[in-house]
Each structure stands twice: as C-alpha cells, then as structure tokens.
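Subject: Structure for your review

Dear colleague,

Please find below the structure that I am handing over to you. My notes on what was found in it follow directly after.

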Amino acid sequence: MEGRLLLKNCAVFRADGRVRHGMAVVVEGNTIRRMAPDAQVPVLPGDWEVACHGRLVAPGLVDCHTHLVNGQLLPPTGHFLMLPPRERLDRLRHVARLLTNEDVEALTRYAAARALRHGVTLAVEHLSCQDVAGGLAAQARAAEAVGLRLVTSHSTHGLDGAAQAQAWLDANADFTRAHRDHPLVRGALGFHASFTCDDALLRRIAELSRVLDAPTVFHLAESEDDLASTYSQHGKRVVPRLDALGLLGPRAIAGYARVLDSAEAELLEQSGAFVALAARGVRALERGADPMDAVLSRVHLLGLGTGGHGSLQDELLAALVGVLRISRSGRMPDVDGALAHLLVNGPAELCTRVFGLPSGSVEEGSIADLVVYDVVPTADPETGYSPYLLGQLAHSPVGWTIVNGRVCVREGQLLGLDYVALSRAATQALERVWTRARLGS
C-alpha cells in the first residue's frame with residue numbers, strides 16, 4: 001500500500017482498562033508512526049483514511065497454540081471427546097497421514113481467514129502431516145496469501161520409528177532455516193508430547209533449537225495419560241524430564257499444560273518458557289484438577305490458545321470462569337489484570353520474542369498488528385476507565401484487521417479473497433481426506 005493508513009476518530013485500547021477517545025493512529029509500512037488527538041493529524045494526499053466513528057482500536061490477538069489444519073479433520077463431537085486419549089490420538093494420526101499438500105493449503109487458508117475475521121493477527125501452529133516439507137510450505141503460502149502472521153511447526157513424534165521421526169525433524173529444521181527472516185512466516189521446531197518421544201529425539205530437537213536459535217512448539221503435560229506414560233518409561237514427570245533434556249527455556253512455546261503441580265509451575269517460571277493455556281479444552285478433555293490455579297499463580301509468560309477449536313473470545317470467557325474461581329478462594333485478587341495478561345500482555349511478549357518487534361500496544365513504534373472493533377466503548381470522563389473492556393472486546397464484531405501494516409479485513413469482509421470460496425475449498429479438502437480415511441464405513 002502506498003502512502004499512510006490513517007485511522008481517524010478512534011478509541012484506543014489500553015490493557016489497564018482505560019481508553020482514549022478522539023484519537024488518530026498513523027500506520028506507515030509495518031509500524032505505528034504516530035498516535036495523537038484526532039484534530040492534530042490531518043489527512044494528507046495519498047492517505048488511506050479509515051473513519052472509525054469512535055470505534056475501539058486494539059492490538060491484534062495472538063492464538064498462542066492452535067491446530068489450523070488438524071483441528072478441522074476430526075471436529076470435537078461428544079463421541080470423539082468421550083474416547084480414551086490414546087484412541088483419539090490414533091484417529092488423529094490416521095487421518096493426518098492422508099493429507100495432501102493441496103489439502104493442507106486449502107484448510108490453512110480457510111482457518112487463517114476465519115482467524116483474521118475474529119481479530120487474530122498471529123497464530124502459533126502445530127501441524128501433523130506426512131510430507132512435512134510440502135505441508136509447511138503450503139501453510140506458508142496460505143498465510144502469505146491471506147495475510148496472517150504465522151509461526152508454524154510439525155508435531156513430530158517417535159511412534160512411527162526413529163527414521164521417520166528424524167526425516168520429519170530434518171524437514172522441519174530446513175523450513176525453519178529458510179524462514180528465519182520472513183516478515184510474516186517463521187518456522188519453529190515441533191514435537192507432539194513427552195509420551196510420544198524418546199530421549200534421543202528430544203535431545204536432537206533441543207540441540208537444533210539452540211543451534212538455529214529457533215522456538216520449539218509442543219504439548220506440555222498434555223493429559224494424565226501423558227504424565228503416567230512418561231513416569232512409567234522415564235521415571236520422571238513431564239516437566240522435569242523436558243527440563244533435564246534442555247527443552248524448557250525462553251525458546252519454548254508449551255501448549256496446554258493440563259496436569260501440573262505447583263513445583264512444576266515454579267520450574268516453568270524460572271526457565272522463562274511461554275505457556276499457552278486452552279481454558280475450554282481442559283474442561284472438555286480431562287478429568288481431575290484444573291491446572292489454572294498453579295499456572296496463573298506462578299508462571300509469568302502466559303497466553304491463550306484455541307487448540308484449533310472455537311475462538312479466542314470463547315477461550316477468554318472460559319478463562320474468566322477459572323480466574324473467578326481462583327480469586328474467590330483468595331489466591332488471585334486481580335481478575336481483570338489476569339485476563340488482560342492472558343489475552344494481551346503475555347501474547348505480546350511472545351510475538352516480540354519471535355519477530356523482534358515491539359507489539360501488544362497501540363503506541364508509536366509498535367508493530368502495526370491492529371483490530372478495529374464495531375463497538376464504541378463507554379469510559380469514565382475523568383479517568384478514562386472503561387468497565388469490562390475485555391468483555392466488550394470479546395463480544396464485539398471485528399470491523400478491520402490489519403497485519404504488519406496490511407489491511408486484511410475491511411468492514412467485516414476479507415480483503416481480496418472470497419471467504420465463502422475459501423470455506424468451500426476447505427469443505428472439499430475435508431471430503432477428500434474423509435473419503436481416503438473411509439470414515440463412513
């Protein structure tokens with residue numbers, strides 16, 4: 001886009017619950033160049049002026065752990081969720097083997113477009129497929145075409161033998177090398193979970209992460225089955241095992257964390273690992289205690305992830321339930337602060353770690369990943385405080401989504417692409433995969 005993108009007469013979001021009305025935001029390239037009272041920012045020749053009419057402008061959302069493709073393959077029906085964890089995994093592996101690169105690209109395009117329409121500007125993807133090089137390349141093409149910022153990795157495991165795991169890891173590493181400086185798409189080294197990987201494979205992943213200075217994406221303490229299997233095979237719980245193998249640290253992006261104790265949460269805090277919580281999933285998939293108490297009270301670097309199902313708005317509402325329960329027991333007095341950290345502050349740190357640019361705020365110098373919501377927020381005239389600001393954000397339709405300074409969604413419509421056509425292509429891809437899997441028989 002030539003010239004500046006100029007958001008006029010907007011209300012600017014702050015994570016502390018305050019808003020600033022009557023503001024203008026100037027975007028040049030991929031950066032917020034200026035934010036000032038609306039009257040101080042004239043429209044110049046060549047500007048693309050967006051009349052916000054008082055609507056809320058906020059940082060883009062980050063889906064900190066998702067399965068853009070595999071989340072569509074076997075939707076979370078009641079029957080599927082009632083299956084034992086190993087049987088769910090076996091079914092997911094069976095269907096994932098049947099994906100072609102064409103299928104991966106079609107499913108990624110649709111999921112990325114859907115995410116943008118929900119205000120997501122960055123997704124951390126965990127892909128499972130047979131052709132890792134082709135699948136990751138297809139995801140990169142899809143993200144570039146739609147405009148979504150993407151960190152993608154392969155869910156490598158050792159269940160199909162050491163040779164297959166090494167081949168997958170090598171392809172994942174090649175992709176990560178090739179995209180280390182890409183403006184939108186970055187690679188990460190991925191593995192499925194502790195219970196599906198032996199020590200040798202995990203050591204290789206840890207060493208490659210160090211050599212490439214690349215993130216690792218994985219499921220942390222995925223389930224009680226993960227915990228029991230890890231302990232029976234290796235004599236350690238999941239978190240201490242991964243720490244001993246060098247996989248916990250500032251490069252780690254750990255998804256789920258469903259079965260943790262307080263000591264493990266403290267170890268995660270000390271390591272500097274980022275933990276992506278799926279607040280809905282822990283209630284739908286696991287029996288037993290909710291880990292949010294241990295994690296929220298100790299781990300600093302936290303965010304929300306969808307796991308490929310639903311939206312971040314759904315996750316925020318589920319997190320609210322968990323945070324309220326903890327707070328009513330007297331262990332977490334600041335409910336709104338905890339939710340703001342999960343939705344905004346923690347994910348901003350993750351984006352900055354990966355892309356090296358300040359993010360997560362509508363401030364001069366920050367990366368231009370922005371969302372204009374179709375809501376004019378109320379605020380106290382003296383303090384600027386807007387009660388239930390995150391709730392307003394969660395319930396409001398998305399008008400505009402801007403990623404890296406590029407407009408991807410304009411007045412609720414995907415820019416330059418037909419959303420229905422993307423949905424139709426994804427449906428056709430699923431039909432092809434399901435036919436190969438013979439799911440109807």
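I begin with His179, which lies in the loop between α6 (162-178) and β9 (185-187). Helices (H or I, at least four residues) and strands (E, at least two) are DSSP runs, numbered from the N terminus. His179 counts as buried because its relative accessibility is 15%; buried means under 20% relative accessible area, exposed over 50%, and partly exposed in between (1.4 Å probe, protein chains only). Leaving aside neighbours within four places in sequence, His179 is in contact with Ala140, Val185, Arg186 and Gly187, where contact means heavy atoms within 4.5 Å.

Please note that this is a predicted model, in which local features need pLDDT of at least 70 and side-chain atom pairs count only at pLDDT 80 or more, while totals for chains, interfaces and linings use all residues. Residues are numbered from 1 along each chain as its sequence is written, and side-chain values use heavy atoms, with hydrogens and water left out.

The protein as a whole

The protein has 16 helices and 18 strands. Its radius of gyration is 21 Å, close to the 22 Å that the globule rule gives for 441 residues, so the protein is as compact as a globular protein of that length. That radius is taken over C-alpha atoms, and the globule rule is 2.2 Å times the number of residues to the power 0.38. The C-alpha trace spans about 65 × 50 × 45 Å along its principal axes. Of the 441 residues, 59% count as buried. Among contacts with a separation of 6 or more, 75% come from residues 24 or more positions apart.

Helix α4

Val104 belongs to helix α4 (residues 101-117) and is buried, with a relative accessible area of 1%. Not counting residues up to four places away in sequence, Val104 touches Val69, Leu99, Leu127, Gly135, Ala138 and Gln139. Arg4 is 100 residues from Val104 in sequence, and the two are 35 Å apart in space, C-alpha to C-alpha.

At 1.5 Å a residue, the 17 residues of α4 should span 24 Å, and its end C-alpha atoms are 24 Å apart, which agrees. The expected span is 1.5 Å times one less than the number of residues in the helix. After α4 comes Gly119, whose phi is positive, near 90°.

Helix α13

The buried residues of α13 include Leu312, Leu316, Val323 and Ile326. Just after α13, Gly330 takes a positive phi of about 90°.

Asn9 has a positive phi of about 50° although it is not a glycine. Asn9 is placed in strand β1 (residues 5-13) and is partly exposed, with a relative accessible area of 35%. Asp213 likewise has a positive phi of about 50° without being a glycine. Asp213 sits in the loop between α7 (199-212) and β11 (216-220) and is exposed, at 54% relative accessible area.

With kind regards
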